[in-house]
Amino acid sequence: MALLEIRNLHVSTEDGTEIVRGIDLSVDTDEVHAIMGPNGSGKSTLAYALMGHPAYQITEGDILLDGESILELEADERARRGLFLAFQYPHAVPGVTVASFLRTAINATRKAKAGGEDDPIKIPEFRKQLDAAMKQLKVPKEMAGRYLNDGFSGGEKKRVEILQMALLDPRLAILDETDSGLDIDALRIVAGGVRELVGPAMGALVITHYQRILNYIKPDFVHVFVDGRIVREGGPELAEQLEAEGYEAFTPEPVGGEA
Amino acid sequence: MATTETQVVGEIGNEYRYGFHDPEDYFFKSGRGLTREVVAAISEHKNEPQWMRDFRLKSLEYFEARPMPTWGGDLSGIDFDNIYYYIKPTETQAKSWEDLPPDIKQTWDRLGIPEAERKFLAGVGAQYESEVVYHKLQADLEAKGVLFLDMDSGLREHEELVRQYFGTIIPQNDNKFAALNSAVWSGGSFIYVPPGVSIEMPLQAYFRINAENMGQFERTLIIVDEGAYVHYVEGCTAPIYTTDSLHSAVVEIIVKPGARCRYTTIQNWSNNVYNLVTKRAVAYENATMEWVDGNLGSKQTMKYPAIWLMGEGAHGEVLSIAFAGDGQHQDAGGKAVHVAPNTSSVITSKSISKNGGRSSYRGLLEVAKGAHGARSKVVCDALILDEDSRTDTYPYIRIDENDVDIGHEATVSKIGEEQLFYLMSRGLSEAEAAAMIVSGFVEPITKELPLEYAVEMNRLIQLQMEGSVG
């Protein structure tokens with residue numbers, strides 16, 4: 001039984017437009033899967049649907065975590081079971097510091113793990129974990145006291161997403177275009193941080209437009225995602241082929257093509 | 001930290017925790033309704049000088065002559081004939097908590113006041129119904145000449161000082177409710193800080209209404225002499241009754257040259273209290289006056305703390321939070337009047353409306369002719385949590401001077417689905433996520449509060465957020 005199993009998943013927006021049109025995918029711990037696709041192919045919709053965004057409807061298929069369907073679960077319950085989504089565009093929460101937010105989030109997960117009993121992390125222990133993770137991801141110390149994503153640069157936001165991932169200790173991390181907005185040094189640090197966490201306790205699903213990030217987070221499997229479907233699957237060599245040839249080669253012929 | 005977020009969240013779903021009431025066993029209780037006889041009896045009972053008795057009776061005439069205000073909130077539910085205007089709970093004022101009657105002592109214990117006094121207050125006064133029942137000031141401050149008394153004792157023991165300032169900042173005919181207070185006032189604080197004395201820990205007053213249909217009309221006068229500093233904090237609670245109570249206070253503050261005064265209110269009246277308060281301060285050369293005003297409770301609040309900037313270089317700030325839930329209307333804001341040159345003011349208002357609640361910002365910014373170089377900034381941010389709730393902004397601006405720098409910003413926002421989803425994706429429940437967004441929204445104000453009050457404010461917001469989403 002895989003950690004995450006996606007079965008024949010169809011996802012529509014509120015106005016009924018189908019964006020994800022039937023995909024099957026299994027991700028286990030100690031595995032990195034890359035989903036590569038052009039802009040507008042539905043990659044972010046897939047990420048949101050996995051996390052339980054209320055604006056997206058699952059019209060067919062199922063999502064299983066540890067063999068159990070999570071379709072009925074709200075985003076917070078999915079998070080407490082170990083799903084994590086690093087957002088492409090993280091939202092600002094003015095007035096709430098990164099540290100205070102992280103402590104609240106950690107305590108929410110700890111409470112779930114303790115069977116609904118409060119089990120707050122001790123402040124010195126939290127400080128220690130936070131300092132260590134910030135150091136590793138080269139996030140400047142003063143970021144802990146800044147308001148979450150409020151006035152952050154694109155790169156700062158992405159680093160703080162990965163910082164959250166490191167501290168919340170998920171079992172399956174979905175990274176939605178984490179590479180966009182990062183310069184090459186930041187990309188190396190962020191990717192290193194992700195790679196470090198992947199292991200017997202965590203698997204990762206890396207959603208990306210470019211192959212760039214995959215140079216640093218070596219994927220075990222690559223899935224090419226075009227127009228709401230997985231059109232090709234393979235190993236890391238597929239990413240290189242994509243980079244060389246572009247998505248054109250993978251785009252299905254338009255039906256009754258006019259071109 | 002005294003309270004963790006999880007403890008706070010655990011309390012969501014509890015009732016208004018100040019809603020208990022004690023049995024009524026009073027030393028003196030006036031009849032219902034307001035007459036010359038009632039006003040004269042209050043003055044008689046307090047053994048006041050003739051000038052105060054005359055002041056009260058004249059004020060009653062002003063009160064009767066003035067029509068009910070038709071702007072602001074809906075005050076039609078106030079039945080002046082059904083209110084008790086004066087209740088004296090005990091015969092004498094206590095100097096220690098142990099000396100209070102057991103039921104009143106228990107009230108303060110439940111509100112956590114004795115503990116607060118020990119931990120972080122330089123002095124405390126506690127008013128129960130019409131009278132201050134407990135009063136204490138640290139001995140070293142007393143030795144420095146600081147006066148911190150209830151207003152009645154202030155009048156008895158420092159009559160000349162009181163007579164010099166009483167009713168000079170807010171005239172008895174200023175508005176209908178100031179006139180009412182001037183007629184029937186009882187209790188409140190009288191503070192005098194001598195020149196150059198800086199009181200590091202806050203002085204606190206705690207106001208509690210216990211009886212049904214009670215009117216509480218405390219009167220506060222604060223004089224901060226040259227170069228001195230004081231921070232005064234007040235908290236207010238009441239039980240929940242089916243019929244309404246009235247709280248109508250008057251607060252007058254004089255901040256002399258180079259002095260600074262901060263006045264913090266956390267108003268958490270139960271949702272059947274009309275809270276109609278007139279607060280005004282004057283600030284002289286290079287003085288600073290700051291109002292920090294948190295309105296969480298009450299049925300209808302109308303309160304606009306004002307600062308008159310009378311001396312060159314004076315600075316005024318009003319920080320106001322209003323939280324309006326089901327059946328509540330918070331009509332709050334601030335006023336800054338620039339009379340002298342090179343004065344500055346900042347008014348920051350944050351309001352939250354939910355479950356059909358209504359919050360209004362009502363403010364006045366006035367710059368008189370000759371107040372050149374005046375600078376002022378007004379920022380009003382409103383957060384609406386659902387479709388049934390409402391927010392309004394009424395910013396009045398009158399400028400009679402050309403050389404001024406005035407800024408006004410107003411925003412209205414809703415808690416976005418995307419923002420909620422983002423926080424929920426980190427394991428926070430929808431209610432926790434919404435409470436976090438609200439706490440962040442008011443953070444510019446809570447960070448100005450002493451830590452214990454900031455924790456309390458956040459806790460109250462969490463409680464207010466109960467059932468507001470989902």
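Helices (H or I, at least four residues) and strands (E, at least two) are taken as DSSP runs and numbered from the N terminus. On this basis chain B has 12 helices and 24 strands. The model is predicted, so that local features need pLDDT of at least 70 and side-chain atom pairs count only at pLDDT 80 or more, while totals for chains, interfaces and linings use all residues. Residues are numbered from 1 along each chain as its sequence is written, and chains are lettered from A and ligands numbered from 1 in the order in which they are written.

The C-alpha trace of chain B spans about 65 × 60 × 45 Å along its principal axes. Of the 470 residues in chain B, 56% are buried; a residue is buried if 20 or more other C-beta atoms, placed from the backbone, lie within 10 Å of its own, exposed if 12 or fewer, and partly exposed in between. Contacts are assigned where the C-beta atoms of two residues, placed from the backbone, lie within 7 Å. Among contacts in chain B between residues at least 6 apart in sequence, 83% join residues at least 24 apart.

Strand β6 of chain B (residues 189–193) is mostly covered, with 5 of its 5 residues buried. In a regular strand the side chains alternate between the two faces of the sheet. In β6(B), B:Ser189, B:Ile191 and B:Val193 lie on one side and B:Phe190 and B:Tyr192 on the other, and all are buried. Strands are taken to pair if DSSP finds at least two bridges between them. β6(B) pairs in the antiparallel sense with β5(B) (residues 147–150) over 4 bridges, and B:Asp150 stands opposite B:Ser189. With β9(B) (residues 219–224), β6(B) pairs in the parallel sense over 4 bridges; here B:Leu221 is the bridge partner of B:Phe190.

Helices α11(B) and α12(B) (residues 451–464) pack at an angle of about 145 degrees, with their axes 10 Å apart. Axes are lines fitted to C-alpha atoms, for helices over the stretch in contact, and angles run from 0 to 180 degrees between N-to-C directions. B:Ala435, B:Val438, B:Ser439, B:Val442 and B:Thr446 of α11(B) meet B:Ala454, B:Met457, B:Asn458, B:Ile461 and B:Gln462 of α12(B). This contact has 6 nonpolar, 4 polar and no charged residues, where Ala, Val, Leu, Ile, Met, Phe, Trp, Tyr, Cys and Pro count as nonpolar, Asp, Glu, Lys and Arg as charged, and the others, Gly among them, as polar.

Between the chains, 24 residues of chain B are in contact with 27 residues of chain A. On the chain B side, α1 (5–10), α10 (417–424) and α11 (430–446) each supply at least two residues, and α11(B) gives the most, with 8 residues. The residues of this side divide into 9 nonpolar, 9 polar and 6 charged.

A:Glu177 is found between β7 (172–176) and α6 (184–197) of chain A and counts as buried, with 21 C-beta neighbours inside 10 Å. B:Ser298 lies between β15 (288–295) and β16 (300–303) of chain B and is buried, with 29 other C-beta atoms within 10 Å.
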